Amino acid sequence: MKKPHEKSRAGLMAKANQNAPLLAAIARENSFSKAAEILGVHQSAISHRVNLLEEALGFSLFERTTRQITPTAYGRILCAAAIEVMAVWDGAFDRLEKFENRGAVRLSVSSSLAMKWVLPHLGRAAEAGLEIALDVNDRPADFRAGVIDAAIRFGVGPYPGLHSTLLKKAEILPVARPGYCDPGATLEMIAGLPSTTFLKDVAGERDDTDFSWAYYKDQAGLSIETDARHIAFDRADLVLQAAINGMGIGLGRTLLVEGDIAQGFLVPVGPSVAMKSAYWLVCGSDFAGTERYATLLGWLRSQMK
């Protein structure tokens, strides 16, 4: 029998590649019979194919007993390679599925955006022929895992390594429950009252999005004290809900606050200022070339006008 190095490497690689699903199944299950069940063939066919591969390679891949099989040193190397090959193909087919026009778009959004903007608009997505499966997460989506198709991020952008499309620029303004402040009072006058409480989003103060009272005061040219009497939260939607409940004055930003103002739950108590941060639709380059991405982008832009 010829030694492996005396045979055509290309031919041996072709035979090994053809049997990659077989070797991967045997390695995972450590059983010919269970591998046969997974692949939908008879156990005799598994044994026959392994024997043919071993004959072509010139060495044994498995030590067989009546109760178990054990990979040889050669077998461990090829089985590990087979598992890697199958993982590559699995990932490739995951990416191919993104090009299909059917199926839900897996969209990641922050909890604040989900509560204040996405959920109130989600019913209109079906009218545009779009099915959205929401992933509500305040951490940036990890596209390498292949679980998320796209995400809406709030920040300065664009985002290196990702396909980034600007959706909407943002502004912030102070808001309060109707009746919390004298309608004719300026924000400076309101801030000087001992009963005035300022509501803060501490996450916005530390995430470099400029969503903070310090940024607002600087851009609005105001010199008011907002730290002496305040309540801190870690989400922008909780700040707005606290303001609706009459707990104080909070900052509202584009997309999160318009609905509450329109319904009369909140009223502006100061001017709005532009932010450097904005809303971006981000995704991997593969998904950016699909019709589902184009449909999602078109719908988001139509709703954010």
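On a 1 Å grid over the protein atoms alone, a cavity is a set of points where a 1.4 Å probe fits but cannot get out, and its lining residues have an atom within 4 Å of a point. This is a predicted model, and its totals for linings use all residues. Residues are numbered from 1 along each chain as its sequence is written.

**Cavity.** The whole structure holds 1 cavity of 30 Å³ or more. Its lining consists of Leu-199, Lys-200, Asp-201, Glu-205, Phe-211, Ser-212, Trp-213, Val-239 and Leu-251. Strand S7 (residues 198–201) gives the most, with 3 residues. Strands here are DSSP runs of E, at least two residues, and helices are runs of H or I, at least four.

**Pocket.** A pocket is an open set of points with protein on both sides within 12 Å along at least five of seven lines. Of the 32 residues lining the largest pocket, Ser-110, Asp-138, Phe-154, Asp-207 and Thr-209 are the closest to its centre. Strand S5 supplies the largest share of this lining, 5 residues.

The table sets out both spaces. Ala, Val, Leu, Ile, Met, Phe, Trp, Tyr, Cys and Pro count as nonpolar, Asp, Glu, Lys and Arg as charged, and the others as polar. A volume is the space filled by probe spheres set on the points.

| Space | Volume | Lining residues by class |
|---|---|---|
| Largest pocket | about 710 Å³ | 13 nonpolar, 9 polar, 10 charged |
| Largest cavity | about 50 Å³ | 5 nonpolar, 1 polar, 3 charged |

**Helix H4.** In H4, Ile-46, Val-50, Leu-53, Glu-54, Ala-56 and Leu-57 are buried (under 20% relative accessible area). They cover an arc of only 160° around the axis, so they lie on the same side of H4. Gly-58 follows H4, with a positive phi near 90°.

Conventions: This is a predicted model: local features need pLDDT of at least 70, side-chain atom pairs count only at pLDDT 80 or more; totals for chains, interfaces and linings use all residues. Side-chain values use heavy atoms; hydrogens and water are left out. Buried means under 20% relative accessible area, exposed over 50%, partly exposed in between (1.4 Å probe, protein chains only). The arc is that of the directions from the helix axis to the C-beta atoms.
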